[in-house]
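Dear colleague,

I am handing over the structure below, and I would be grateful if you could look through it before reading on. My notes on what was found in it follow after the display.

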Amino acid sequence: MVTRARLLAWIAPVAVGVVVFAAARAALLPGLAFWDTGEYQAVGPLLGTAHPTGFPTWVILAWLASIVLQPLGDPAYRMNLLAAICLAVAAAVTVDLARVLTRSTALGVMAGLAMALAPAAWAIGTHAETHALHLALVAILLWLLVGWEDRARDVDDRSRRDRADRWLLAATVVYAL
């Protein structure tokens with residue numbers, strides 16, 4: 001049976017993610033831009049190479065998004081939309097991370113919204129920008145490390161410790177991305 005607290009623990013991050021995505025989509029750059037944004041709008045759908053370091057994780061994810069989001073507009077808009085999705089993911093993960101650390105869903109919701117609406121985060125979440133993906137990956141990385149630490153603490157059974165170490169392995173993969 002699902003308790004009210006567990007249900008709220010799932011609903012709060014999803015709700016914040018949806019609200020942040022809706023707000024970012026309303027403020028989204030509608031088309032092409034110049035400099036780095038224009039480059040990031042172009043390399044994803046073409047599976048090209050951006051300026052050094054090339055941002056391979058962004059390029060591969062942007063290529064996949066350009067296919068999945070194809071009905072939603074031109075390629076430049078789809079890349080802008082990917083940045084908004086990354087901002088929403090970062091906000092949702094921040095909600096759960098703050099909830100775990102503070103044991104308060106309300107503080108988690110406030111932390112997620114504050115992170116997403118901070119001027120720097122908002123600026124990278126409303127147009128094609130690799131830093132929106134980086135923001136989401138850092139939030140996921142911290143969430144995985146906190147989850148690993150929570151599960152690894154006070155574990156005497158070796159098999160349970162090995163299962164906890166899977167969280168550390170997942171964090172390693174996210175860090176590598």
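**What was found**

Threonine 105 is found in helix α5, and, because its relative accessible area is 19%, where buried means under 20%, this residue counts as buried. Leaving aside residues up to four places away in sequence, Threonine 105 touches Leu8, Ala12 and Arg99. Please keep in mind throughout that this is a predicted model, and that what I describe here was computed from it.

As for the whole chain, it has 8 helices and 0 strands, so that reading along the sequence gives the pattern α-α-α-α-α-α-α-α. The C-alpha trace spans about 55 × 30 × 30 Å along its principal axes. Of the 177 residues of the protein chain, 41% count as buried, and, among the contacts with a separation of 6 or more, 64% are accounted for by residues 24 or more positions apart.

Tryptophan 58, when residues up to four places away in sequence are not counted, touches Tyr40, Met79, Leu82, Ala83, Ala128, Glu129, Thr130 and Leu133.

In passing α7, α4 makes a left-handed crossing. On the side of α4, the contact is made by Ala83, Cys86, Leu87, Val89, Ala90, Val93, Thr94, Asp96, Leu97, Val100 and Leu101, while α7 contributes Ala132, Leu133, Leu135, Ala136, Ala139, Ile140, Leu142, Trp143, Val146 and Asp150. Sorted by class, the contact of α4 with α7 has 18 nonpolar, 1 polar and 2 charged residues. Two of the residues named in this contact, Ala83 of α4 and Leu133 of α7, are also among those that Tryptophan 58 touches.

With kind regards

Technical notes
Residues numbered from 1 in each chain as written. Predicted model: local features only at pLDDT ≥ 70, side-chain atom pairs only at ≥ 80, totals over all residues. Heavy atoms only, no water. Left-handed = near helix turned anticlockwise from the far one by under 90°. Helix = DSSP H or I, 4+ residues; strand = E, 2+ residues; numbered from the N terminus. Contact = heavy atoms within 4.5 Å. Nonpolar A, V, L, I, M, F, W, Y, C, P; charged D, E, K, R; others polar. Buried < 20%, exposed > 50% of the residue type's maximum accessible area, 1.4 Å probe, protein only.
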